[in-house]
Amino acid sequence: MSVTEMFSFIQGFLSADQDVREDLRKVVQILEQAAREILTVLQSVHQLTGFKEIPSKCAKARELFCTVRTQIADLKTKFPVEQYYRFHEHWRFVLQRLTFLAAFVVYLESETLVTREEVAQILDIEVVREKGFHLDVEDYLAGVLIMASELSRLAVNSVTAGDYSRPIRISNFINELDSGFRLLNLKNDPLRKRYDGLKYDVKKIEEVVYDLSIRGLGKEHKCGEDK
């Protein structure tokens, strides 16, 4: 093979690779729009009347995840399955965002931490790498950390809405989450930086709970529940 033929072959390879990446970008853009729509629905829970609408907002979000599953199914067809990590950067951020949204819905519904398997089921993707398009562990953890920031905001807005017990429950949940992350030896720089933000979320929520205790609001609400 001559030098000219060699570089012509390489150009064909680069062109094909660029076509794949362009197709991926188009599908990911649609996925990002779907994620924004779900976020818009869930953001309303932060409003004064939003706490009463949590069940209906979660139900609406789950309906929108049906569209997400269809779009991810389309995404899977745009690249060779064995080259997941070669193109991973294209969908990494949106997959983390969708994990956050799934985790937030599950927390609002049951005040529990979503598992990686549950997120994979909601998105209709795999957990095991060998089975194809899957939820990477680090993407799952990043999504959970994004949810922690959202819960710190929810704790503050709960007080504004007169729901004084919710910040205490959120505080307990976030402290358990923090304890779990402390068990991990995180060497991934972006994930490590995001985990560092969890410390501020813990502090922010603790300040809310402390303020409630000083005012006696959390205690009063608890006594009211006991009655």
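This is a predicted model: local features need pLDDT of at least 70, side-chain atom pairs count only at pLDDT 80 or more; totals for chains, interfaces and linings use all residues.

Reply: Let's start with Ser165, which is buried, with a relative accessible area of 11%. Buried means under 20% relative accessible area, while exposed means over 50% and partly exposed is in between (1.4 Å probe, protein chains only). Residues are numbered from 1 along each chain as its sequence is written, and side-chain values use heavy atoms, with hydrogens and water left out.

So where does Ser165 sit? You'll find Ser165 in the loop between α5 and α6 (166-182). Helices here are DSSP runs (H or I, at least four residues), strands are too (E, at least two), and the numbering goes from the N terminus. The side chain of Ser165 has a polar contact of 2.8 Å with the side chain of Arg169, and another of 3.4 Å with that of Asp163. A polar contact is a pair of N or O atoms within 3.5 Å; within protein, one must be able to donate a hydrogen and the other to accept it, and residues adjacent in sequence count only if both atoms are side-chain atoms. For a sense of distance, Ser165 and Glu37 are 29 Å apart in space, C-alpha to C-alpha, and 128 residues apart in sequence.

Next comes Arg166, which belongs to helix α6. Arg166 is buried too, with a relative accessible area of 10%. Leaving aside neighbours within four places in sequence, Arg166 is in contact with Phe51, Ile54, Glu111, Leu154 and Ser158. Contact means heavy atoms within 4.5 Å.

Leu154 also turns up where α3 and α5 meet: among the residues there are Phe100, Phe104 and Leu108 in α3, and Ile146, Leu151 and Leu154 in α5. That contact divides into twelve nonpolar, four polar and four charged residues. Here Ala, Val, Leu, Ile, Met, Phe, Trp, Tyr, Cys and Pro count as nonpolar, Asp, Glu, Lys and Arg as charged, and the others, Gly among them, as polar. The axes of α3 and α5 come within 7 Å and cross at roughly 50°, which makes α3 oblique to α5. Axes are lines fitted to C-alpha atoms, for helices over the stretch in contact, and angles run from 0 to 180 degrees between N-to-C directions. Under 35 degrees counts as roughly parallel, over 145 as roughly antiparallel, 65 to 115 as roughly perpendicular and the rest as oblique.

Helix α5 (residues 137-160) also packs with helix α7 (residues 189-215), at an angle of about 20° and with axes 9 Å apart. So α5 and α7 are roughly parallel to each other. Their contact includes Leu145 and Val156 of α5 and Tyr195 and Val208 of α7, and its residues divide into 15 nonpolar, two polar and four charged.

Helix α3 (residues 88-110) has a further partner: its axis and that of helix α1 (residues 3-43) come within 9 Å and cross at roughly 25°. That makes α1 roughly parallel to α3.

Stepping back, the protein has eight helices and zero strands. Of its 227 residues, 42% count as buried, and Ser165 is one of the buried residues.
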